[in-house]
Amino acid sequence: MKSAKEIATEAKILERLKPFPVCSEMVKYLFDDRELQEMQEYANNVSIKRLGFNDHGPVHMKQVASNSIKMLNILHEAGIKTSLEVEEIGTFEDSMCGVVLACLMHDLGMMIGRQGHEEMSVRLALPLLDRTLNIILPTDIHKRVVIKSLALESIIGHMSTKKIHSIEAGVILVADGCDMTKGRARIPMALNKTPQVGDIHKYSASAITRVKIYHGETKPIKLDIEMASEVGFFQIEEVLLTKVDASTIKQYIELYAGVTGEERKRYL
């Protein structure tokens, strides 16, 4: 059973994808895919109940997709081409397809465990990617190959441990890091009372009250993060900035963060 938040996030994604009919069809297919849903739910079970980590399930993967779509559209509106467009091997919608596919599958490896989960995500995503693309693009082998390759690069690179080269994969790095509000840590905080390694990530995420993605003032994308207490700066400096620094879109980002009611600190 999908939660209200998951349903609302799906609606937001589909609204943002209205200009892209192929991508919309692909996403609707995946939202109804029982196997993907079960895999996302099981990944979340392992993450929260077995390992005591934050949400890595369907809501998180869909929120990363929503963030990525917004960032990719902002870059597009600013005249910044995706790697597929620059290389003249695909369209902007092809890039969007690859990004959204990767977002919806990037943490499937949490079904196995945390260490090396990005590599496991690639293995688990492969049959889903092939099945989805064969159904949505049955006669276009070129697009299937390009979109699948882009999605796999984005999945393997989302932890910033593997160097990525495309604009598209760089978007997902940042979008993943931006999903860090207190709601993501609510369940693990409630379930795990005994102090353990990694708790700082839950407490710092719990301090983040709002993450906004806007059109920037001096750069295309502006990230504005509001927090209830200064412990949230850990999440900015140890998680988000690590991903931004490794991202191919770092040069296009303004980053501000601060405690509610206090002056924002500018990082980028």
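1. Helices (H or I, at least four residues) and strands (E, at least two) are DSSP runs, numbered from the N terminus. By that scheme Gln-115 falls in the loop between α6 and α7. The model is predicted, so local features need pLDDT of at least 70 and side-chain atom pairs count only at pLDDT 80 or more, while totals for chains, interfaces and linings use all residues. Residues are numbered from 1 along each chain as its sequence is written, and side-chain values use heavy atoms, with hydrogens and water left out.

2. Back to Gln-115. Buried means under 20% relative accessible area, exposed over 50%, and partly exposed in between (1.4 Å probe, protein chains only). Gln-115 has 80% relative accessibility and counts as exposed. Its C-alpha atom is separated by 19 Å from that of Leu-104, 11 residues apart along the chain.

3. Cysteines. A disulfide is a pair of cysteine sulfur atoms within 2.5 Å. The structure holds zero of them. Cys-23 is in no disulfide, and its nearest cysteine sulfur, that of Cys-97, is 3.8 Å away. Cys-97 is likewise in no disulfide, with the sulfur of Cys-23 as its nearest, at 3.8 Å. Cys-23 is buried, at a relative accessible area of 0%. Cys-97 is buried too, at 1%.

4. Aromatic rings. Rings of Phe, Tyr and Trp (its six-membered ring) pair if their centres lie within 6.5 Å; planes under 30 degrees apart count as stacked, over 60 as edge-to-face and the rest as tilted. The count comes to one aromatic pair. Phe-20 and Phe-92 form this tilted pair, 5.7 Å centre to centre with 55° between the planes. Phe-20 lies in the loop between α1 (4-16) and α2 (21-31) and Phe-92 in helix α6 (residues 92-105), so the pair ties together parts that are 72 residues apart in sequence. Both Phe-20 and Phe-92 are buried.

5. Charges over rings. The rule asks for NZ of Lys or CZ of Arg within 6 Å of the ring centre and within 35 degrees of the ring normal. The charged end of Lys-222 sits over the ring of Tyr-256, 5.1 Å from its centre. Lys-265 lies over the face of Phe-233, with 6.0 Å to the ring centre.

6. Helix α4. Ser-66 is found in this helix, residues 58-77. The expected span of a helix is 1.5 Å times one less than its number of residues. Ser-66 itself is buried, at 1% relative accessibility. Contact means heavy atoms within 4.5 Å. Not counting residues up to four places away in sequence, Ser-66 touches Thr-9, Lys-12, Ile-13 and Arg-16. After α4 comes Gly-79, whose phi is positive, near 85°.

7. Helix α8. This helix (residues 141-156) has 16 residues and reaches 22 Å from first C-alpha to last, close to the expected 22 Å. Its buried residues include Arg-144, Val-146, Ile-147 and Leu-150. The buried residues of α8 pack against α5 (83-86), α6, α7 (117-136) and α9 (167-177).

8. Nonpolar core. Such a core is a set of buried Ala, Val, Leu, Ile, Met, Phe, Trp, Tyr and Cys residues joined through side-chain atoms within 4.5 Å. The largest has 71 residues, and those with the most contacts inside it are Met-105, Leu-223, Ile-225 and Leu-255. Helix α6 gives the most to this core, with 10 residues. Residues touched by Met-105, not counting those up to four places away in sequence, include Leu-30, Leu-36, Met-61, Ser-121 and Ile-155.

9. Most residues other than glycine have a negative phi. Glu-88 has a positive value, near 55°. Glu-88 is found in the loop between α5 and α6 and is exposed, with a relative accessible area of 74%. Ser-160 also has a positive phi, near 65°. Ser-160 lies in the loop between α8 and α9 and counts as partly exposed, at 22% relative accessibility.
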